[in-house]
Amino acid sequence: MIIDTHTHFYDPHRPEGCPWPSPKEELLYRTVLPEHFREVASPHGVTGTVVVEAACWVEDNQWILDMADDDPTIVGLIGRCDVGKPEFKGQIERFAKHPVFRGIRGWGDLDGGFLDAMAIMADHGLVLDCCPFQEPGRSECLRLASELPALGLACEHVGGGPVNGGPADPAWIEFINALAAHG
């Protein structure tokens with residue numbers, strides 16, 4: 001089984017449209033749904049995907065989860081919820097009931113209510129998808145891993161590491177090794 005761990009599904013032709021991508025992004029501004037994914041992925045043996053929600057709309061989580069109910073291609077969803085807002089806990093409790101919902105993407109101030117919000121995520125066995133491409137994000141990610149070891153972390157886009165065939169950045173290697181030590 002080969003799983004693509006980061007795809008986006010969206011449809012600008014839905015009645016509400018989609019907040020990303022914008023019509024100015026001509027290459028991306030088109031409908032992308034599981035059937036389009038399978039056309040590209042299946043010939044390479046890829047059988048499933050984890051959808052990483054690109055929209056900032058909380059209800060798009062349900063849109064993807066409804067799709068997943070009818071399409072086994074979707075094996076996971078990293079969604080969006082309103083971190084820092086009173087409704088966050090209820091949103092997490094609602095979506096965590098669905099077996100495909102795996103966590104959320106985003107970030108917040110560790111000295112604010114973000115750490116408490118992430119504790120709620122950890123209590124539900126969910127993952128935070130983060131983008132620690134450089135400082136201070138890398139230090140904050142390590143601090144979060146240290147202060148809340150029960151929270152799963154996923155560093156999207158290879159944590160900002162180089163993927164150009166050249167040598168890896170020593171600072172990136174140090175970060176990835178330090179983060180792995182928490183797991």
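Let me start with charge: in this chain, the mean position of the 13 positive charges and the mean position of the 28 negative charges are 2 Å apart. Please keep in mind, as we go on, that this is a predicted model.

Along the sequence the chain follows the pattern β-α-β-α-β-α-β-α-β-α-β-α, with 6 helices and 6 strands. The radius of gyration is 17 Å, close to the 16 Å that the globule rule gives for 183 residues, so the chain is as compact as a globular protein of that length. Of the contacts with a separation of 6 or more, 67% are made by residues 24 or more positions apart, and buried residues make up 40% of the chain.

Now back to the charged side chains. Side chains of opposite charge can pair when their charged atoms come close, and this structure holds 7 salt bridges. One of them joins Arg14 and Asp60, whose closest N and O atoms are 2.8 Å apart. Arg14 sits in the loop between strand S1 and helix H1, while Asp60 belongs to helix H2, so the pair links distant parts of the chain, 46 residues apart. Are these two residues buried or exposed? Arg14 is buried, with a relative accessible area of 10%, and Asp60 is buried as well, at 4%. Arg14 and Asp60 are also linked with Glu16 in a network of salt bridges.

Terms used: Residues are numbered from 1 along each chain as its sequence is written. This is a predicted model: local features need pLDDT of at least 70, side-chain atom pairs count only at pLDDT 80 or more; totals for chains, interfaces and linings use all residues. Side-chain values use heavy atoms; hydrogens and water are left out. Helices (H or I, at least four residues) and strands (E, at least two) are DSSP runs, numbered from the N terminus. The radius of gyration is taken over C-alpha atoms; the globule rule is 2.2 Å times the number of residues to the power 0.38. Buried means under 20% relative accessible area, exposed over 50%, partly exposed in between (1.4 Å probe, protein chains only). Contact means heavy atoms within 4.5 Å. Lys and Arg count as positive and Asp and Glu as negative; His and the chain ends are not counted. The place of a charge is taken as NZ of Lys, CZ of Arg, CG of Asp or CD of Glu. A salt bridge is a side-chain nitrogen of Lys or Arg within 4 Å of a carboxyl oxygen of Asp or Glu.
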